[in-house]
Amino acid sequence: MGKSSAVAVLGAALLAGGCATFSPDGGFDAVARTTQELAGKELARVTSADDQVAIDIRVRELLQKPLGVEEAVQLALLNNKGLQASFQELGISEAERVAAGRLPNPHFSMKRATGQGEIAIEQALTFNILSLLTIPLASQVEQRRFARAQSQVTIDVLRLAADTRKAYFGAVAAEQSVRYMRQVKTAAEAGAELGRRMAQVGNWNKLNQAREQSFYADATLQLARAEQMATSTREQLTRAMGLWGEQTQFKLPERLPDLPKAPEELADAESLGMERRIDLRMLKLDAQAQARNLGLTKVTRFINVLELGPMREKDGDPGNPWKRGYEISFELPIFDFGSTRVAKAEAMYMNSINRAAEVAVNARSEIREAYRNYRASFDIARHFRDEVVPLRKRISDENLLRYNGMLIGIFELLADARTQIVGVNASIEALRDFWMARADFDMALLGKPSLSRASPSSAAQAGSGGGH
């Protein structure tokens, strides 16, 4: 290589390396914009004490009144420390991107030997020419990895939002169920006490008394389980929002949001999701990066290390002049002709292609399942609202009239009250399942959801009558 050619190579490399700089926002602004577009929420990255103070002030503002679901999601996106850790992944990825676009450091070597009054000195300054030549390709690979990191952080944000919504609906429903189960226990306690007194005066047999005591014991157990569920779901919501200390005393509304008038009809939900799924975009970037990496591997197949640079040496008497020249060093492909690196790159490329195909197939199924769950949950919740609960109320009203007319006794009236309350509680759970299914469906259109599974126990109990 002539002197002019070496200068040209170095000049081109310097130009390419000069473009590798850190962005002002560290890649965060793109994530924040996407979050605003898809979720309508603001993000904040903590890079200083002032940033944390601003977030703390915003958190206090949101906690001053009972939390709505949107406020809970906003709290989580601002205050969750795990999400802040994800934001730092962008800084790590950008540092790797910048490093790939910068010039490699030169190598300096020196040899010195003396003997019999003579001295030999050799000095060389070499540059990795191959790294210089492959800077553009390496920069493109790392740029795609950086874009993938941005997509991954965006998915983390959206998943946290979906999980917070589900935790919120679970917590509100659990607290609402506790209030109704307390009513069940009160009614069962009244029946058990009345049965005990009637048995004492001989107006009731032991079987009927045992039945009322059994209802009371079961109601007490169900209340304890409901309170345990309320504690668990509230703590899940607390963790999602990143709250601690006095912040955990936040207030929730007394009831779930009402069922919408009609479900959202999406005949093309599957195709819409395939266009919007961020995880599919990530896999596409992975495949492109692997393809680029395969090309880079083939370029460097036979020569993995090639260094070139000026050198000078001095032999003999220390007063002799320096001899100048250049030094070239490279790896000789004697035992490994680069086939292992190429085979590995090709296997990684095919791996990324098949992974992308798998996720695409699964994504279609997840979207279909989430949408059907959403529609079925709406129909179930609407059936409870329009049919089951009104029917239970009519039965209760009729039984009250019959009790006033002395056609039924107090125990039949208490049993009917228990049945009505259990039916209302099952309606609460059906409404909770709908809102959770809605959150799952929204997430399925953007990334892999964590599909909820509703428990049929309460609905089955409500349908069976719940009384004796």
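Helices in these legends are DSSP runs of at least four residues, and they are numbered from the N terminus. The model shown is predicted.

Figure 1. The predicted chain contains 13 helices, together with four strands. Of the 468 residues that make up the chain, 40% are buried.

**Figure 2. Asp-51 in helix H3.** Asp-51 belongs to helix H3, which covers residues 49–62. The relative accessible area of Asp-51 is 25%, and the residue counts as partly exposed because this value falls between the limits of 20% for buried and 50% for exposed. If neighbours within four places in sequence are set aside, Asp-51 is in contact with Arg-45 and Val-46.

**Figure 3. Helix H3 packed against helix H4.** Two packed helices are described by the distance between their axes and by the angle that the axes make. The axes of helix H3 and helix H4, the latter formed by residues 69–79, come within 10 Å and cross at roughly 160 degrees. This angle makes H3 roughly antiparallel to H4, because angles over 145 degrees are placed in that class. The crossing of the two helices is left-handed. On the H3 side the meeting residues are Ile-55, Arg-58, Val-59 and Leu-62, while H4 contributes Glu-71, Gln-74, Leu-75, Leu-78 and Asn-79. Sorted by type, the residues of this contact between H3 and H4 are five nonpolar, two polar and two charged.

**Figure 4. Helix H2 crossing helix H7.** Helix H2 spans residues 28–39 and helix H7 spans residues 135–200, and their axes come within 10 Å, with a crossing angle of roughly 40 degrees. H2 and H7 are therefore oblique to each other, because an angle must be under 35 degrees to count as roughly parallel. The crossing of H2 and H7 is right-handed. From H2, the contact is made by Ala-30, Val-31, Thr-34, Thr-35, Leu-38 and Ala-39, and from H7 by Gln-150, Val-153, Thr-154, Val-157 and Leu-158. Seven residues in this contact of H2 with H7 are nonpolar and four are polar, while no charged residue takes part.

**Figure 5. Helix H5 alongside helix H7.** Helix H5 is made of residues 81–100, and the axes of H5 and H7 come within 8 Å and cross at roughly 175 degrees. With this angle, H5 is roughly antiparallel to H7. The residues of the contact of H5 with H7 include eleven nonpolar, five polar and six charged ones.

Figure 6. Leu-103 sits in the loop between H5 and strand E1, the strand formed by residues 107–115. The relative accessibility of Leu-103 is 31%, and the residue is therefore counted as partly exposed. Although Leu-103 and Ser-131 are 28 residues apart in sequence, their C-alpha atoms are 8.0 Å apart in space.

**Figure 7. Gln-228 in helix H8.** Gln-228 is part of helix H8, which runs over residues 206–241. With a relative accessible area of 58%, Gln-228 is exposed, because the value is over the 50% limit. The C-alpha atom of Gln-228 is separated by 9.4 Å from that of Val-178, a residue that is 50 residues away along the chain.

**Figure 8. Ser-427, a buried residue of helix H12****.** Ser-427 lies in helix H12, which is formed by residues 410–444. Ser-427 has 16% relative accessibility and is counted as buried, because it falls under the 20% limit. Apart from residues up to four places away in sequence, Ser-427 touches Phe-384 and Val-389. The C-alpha atoms of Ser-427 and Ala-381 are separated by 6.6 Å, although these residues are 46 residues apart along the chain.

**Figure 9. Arg-438, also in helix H12****.** Arg-438 is found in helix H12 and is buried, with a relative accessible area of 18%. The side chain of Arg-438 makes a polar contact, at 2.7 Å, with the side chain of Asp-442. When residues up to four places away in sequence are not counted, Arg-438 touches Glu-264 and Tyr-374.

Definitions and conventions: Residues are numbered from 1 along each chain as its sequence is written. This is a predicted model: local features need pLDDT of at least 70, side-chain atom pairs count only at pLDDT 80 or more; totals for chains, interfaces and linings use all residues. Side-chain values use heavy atoms; hydrogens and water are left out. Buried means under 20% relative accessible area, exposed over 50%, partly exposed in between (1.4 Å probe, protein chains only). A polar contact is a pair of N or O atoms within 3.5 Å; within protein, one must be able to donate a hydrogen and the other to accept it, and residues adjacent in sequence count only if both atoms are side-chain atoms. Contact means heavy atoms within 4.5 Å. Axes are lines fitted to C-alpha atoms, for helices over the stretch in contact, and angles run from 0 to 180 degrees between N-to-C directions. Angles under 35 degrees count as roughly parallel, over 145 as roughly antiparallel, 65 to 115 as roughly perpendicular and the rest as oblique. A crossing is left-handed if the near helix is turned anticlockwise from the far one by less than a right angle, and right-handed if clockwise. Ala, Val, Leu, Ile, Met, Phe, Trp, Tyr, Cys and Pro count as nonpolar, Asp, Glu, Lys and Arg as charged, and the others, Gly among them, as polar.
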